[in-house]
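Hi everyone, thanks for coming. Today I'd like to walk you through some charged side chains and who pairs up with whom. Let me put the structure on the screen.

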Amino acid sequence: MLYVVATPIGNLGDMSPRAIEVLKRVALIAAEDTRMTMKLTQRFGIETPLTSCHRHNEQGKAEGIVRRMLEEGIDVAVVTDAGTPAISDPGTILVRQAAEAGIEVVAVPGPSAMAAAMSVSGIDVTEFTFLGFLPREKKDLQAALRSAAQRTQAGIVHESPYRVLDFMRVLADTLPQAYVSVSCDLSKLHELTLRGPVAEVLARMEANDKTEKGEYCIVIDFRAVPREEPKAES
């Protein structure tokens, strides 16, 4: 059996008893970064062996892990540095290969930055699109934002602290009507969420000398963005 195990996004108190039990019981933990996961396993007395499984080696590693599971009849857990695997993080290839090999795949749900950010946003996310990390180049980013605004009511974006101000400036320039909720350091000591029209939130972020710290999850409300009329067929 392959367990997809969610781990804390900042606060170790969010580690579930079930996650701890599963990580102790399996024969192997496939981790995005073994150094990061080792801190977690040491904290909870988990002695299960670790193997790396990240975006650069997942294709090859997945094949070997699945082969071991079939040949040795072992259970394996996959984790990432924080949050739920396979959501803007490694894990998808291993899950797919395990499922295709007839191995049962089970979720051990828990922390998710995306879900946490949406829950505190105050934005109606009855309908939303998870956009993950959008393109870095301004032209490509603008195109992605305009496309999202035309096809969904709300979008969820992950962004690095080093690029978040550039992202927000492009968003404000491209879709000035957008309303946003910008969260960083969710579940940590200095957790912060800023809500409001994009230009106002950007101004507050530019005035904060600690903005370029912490990982960001941004909820964008596209409802006020004008919708383009469908082009008439000729």
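Let's start on helix α3, which covers residues 58-72: Arg 68 and Glu 72 both sit in it, four residues apart, or about one turn of the helix. Keep in mind that what you're looking at is a predicted model.

So what do the side chains of Arg 68 and Glu 72 do? They meet in a salt bridge, with 3.1 Å from N to O. Now, are these two buried or exposed? Arg 68 is partly exposed, at a relative accessible area of 34%. Glu 72 is partly exposed as well, with 46% relative accessibility.

Okay, next pair. Arg 163 and Glu 159 form a salt bridge too, and their closest N and O atoms are 3.3 Å apart. Here the two partners fall into separate classes. Arg 163 has a relative accessible area of 25%, which makes it partly exposed, whereas Glu 159 comes out at 5% and counts as buried, because the cut-off for buried is under 20%.

Then have a look at Lys 188. Which residue does Lys 188 form a salt bridge with? That's Asp 185, and the closest N and O atoms are 3.9 Å apart. Lys 188 is partly exposed at 40% relative accessibility, while Asp 185, at 17%, counts as buried.

Methods
Residues are numbered from 1 along each chain as its sequence is written. This is a predicted model: local features need pLDDT of at least 70, side-chain atom pairs count only at pLDDT 80 or more; totals for chains, interfaces and linings use all residues. Side-chain values use heavy atoms; hydrogens and water are left out. A salt bridge is a side-chain nitrogen of Lys or Arg within 4 Å of a carboxyl oxygen of Asp or Glu. Helices (H or I, at least four residues) and strands (E, at least two) are DSSP runs, numbered from the N terminus. Buried means under 20% relative accessible area, exposed over 50%, partly exposed in between (1.4 Å probe, protein chains only).
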